[in-house]
Amino acid sequence: KVLLNVERTRPPRFLRPRCREPPQRDERASRAMGCLLDEYLQKYGSLIPVHSDDVVEELKGIFNEDFSQPHRKVMVQHLIQSYQRSAGTAMVKGFRVNYKRHVLTMDDLSTLYGQNWLNDQVMNMYGDLVMDSVPEKVHFFNSFFYDKLRTKGYDGVKRWTKNVDIFQKDLLLIPIHLEVHWSLISVDIKQRSITYFDSQRTLNRRCPKHIFKYLQAEAMIKEKRDFLTGWKGFFKMNVGRQNNDSDCGAFVLQYCKCLALGQPFSISQQDMPKLRRLMYKELCHCKLSL
């Protein structure tokens, strides 16, 4: 026979009820979190750009309390994960971002998730956001420009700048897509420099040569003979380097932003998850966070 002393037997610590007030506060916080996540879904179409720290900061403002304690952060993370697993609320069907001629769908925005490859739609809209942040100084070329130039020559792209004088700009940004890899060429008009950026540090000498020939042809057509000579080429090696096969597009967009805004190149592979979430938000807001 096993005799139990009912008075002395106590439930394990993790089963003991706490005082009533903290569970009530956490219950209110849980409801508030649900409302916040619903708002995020409506704003961004998904929870891809949402980090638990975002929710913790929002809750701090709502309740004027610190929600960064470990048990509360775990609660936030679990709720976000439960939303993401739910087929009905993981994404908002029909969500669109419209900016000028750009239309981003959830398929496009989802390329910013995890280690997906960024597609042309994301690259081009983000590049336009960069250009529109400093429109008098920067011109961003569509991601299809270089391939058209490479295959069709100057005649294939001469109409691309019919409404813009690139030699009046300070900086040209030209994304390069070769098979499954993104890289970037920047052109400093005043310094007559053509610089190649590659997060895998590949020395591709043909891309700068194609751009040099394009600039010469454009200078001839636009009667800007001062820009026919004096050009120099560079390979920028001391910038953020990727350690995987998927973040090249994200690096290129960050290069564009740093160059256009005159910011230091302080990005690294470790920054990519945070920067992908930030770029997602910037695209949805149709504005860079400066």
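Guide: Happy to! Keep in mind that this is a predicted model. Let's begin with glutamine 269, which sits in the loop between α8 and α9. Its relative accessibility is 13%, and because buried means under 20%, glutamine 269 counts as buried. Leaving aside residues up to four places away in sequence, glutamine 269 touches Arg241, Gln242, Asn243, Asn244, Asp247 and Phe251. With asparagine 243 there is a polar detail to look for: a polar atom of the glutamine 269 side chain lies 2.6 Å from the backbone nitrogen of asparagine 243.

Now to helix α8 itself, which covers residues 248-261. At 1.5 Å a residue, its 14 residues should span 20 Å, and the end C-alpha atoms are 20 Å apart, so the two values agree. Twelve of the 14 residues of α8 are buried, among them Phe251, Tyr255 and Lys257. What covers these buried residues includes the helices α5 and α9 as well as the strands β3, β4, β5 and β6. After α8 comes glycine 262, with a positive phi near 70°.

Five strands make an open, mixed sheet in the order β3-β4-β5-β6-β7. Its edge strands are β3 and β7, each pairing on one side only. From one strand to the next, the twist averages 20°. β6 and β7 pair in the parallel sense over five bridges, and threonine 195 stands opposite phenylalanine 234 in β7. Finally, find α5 again: α5 lies across β3, β4 and β5, running at about 170° to β3.

Terms used. Residues are numbered from 1 along each chain as its sequence is written. This is a predicted model: local features need pLDDT of at least 70, side-chain atom pairs count only at pLDDT 80 or more; totals for chains, interfaces and linings use all residues. Side-chain values use heavy atoms; hydrogens and water are left out. Helices (H or I, at least four residues) and strands (E, at least two) are DSSP runs, numbered from the N terminus. The expected span of a helix is 1.5 Å times one less than its number of residues. Buried means under 20% relative accessible area, exposed over 50%, partly exposed in between (1.4 Å probe, protein chains only). Contact means heavy atoms within 4.5 Å. A polar contact is a pair of N or O atoms within 3.5 Å; within protein, one must be able to donate a hydrogen and the other to accept it, and residues adjacent in sequence count only if both atoms are side-chain atoms. Two strands pair if DSSP finds at least two bridges between them. Axes are lines fitted to C-alpha atoms, for helices over the stretch in contact, and angles run from 0 to 180 degrees between N-to-C directions.
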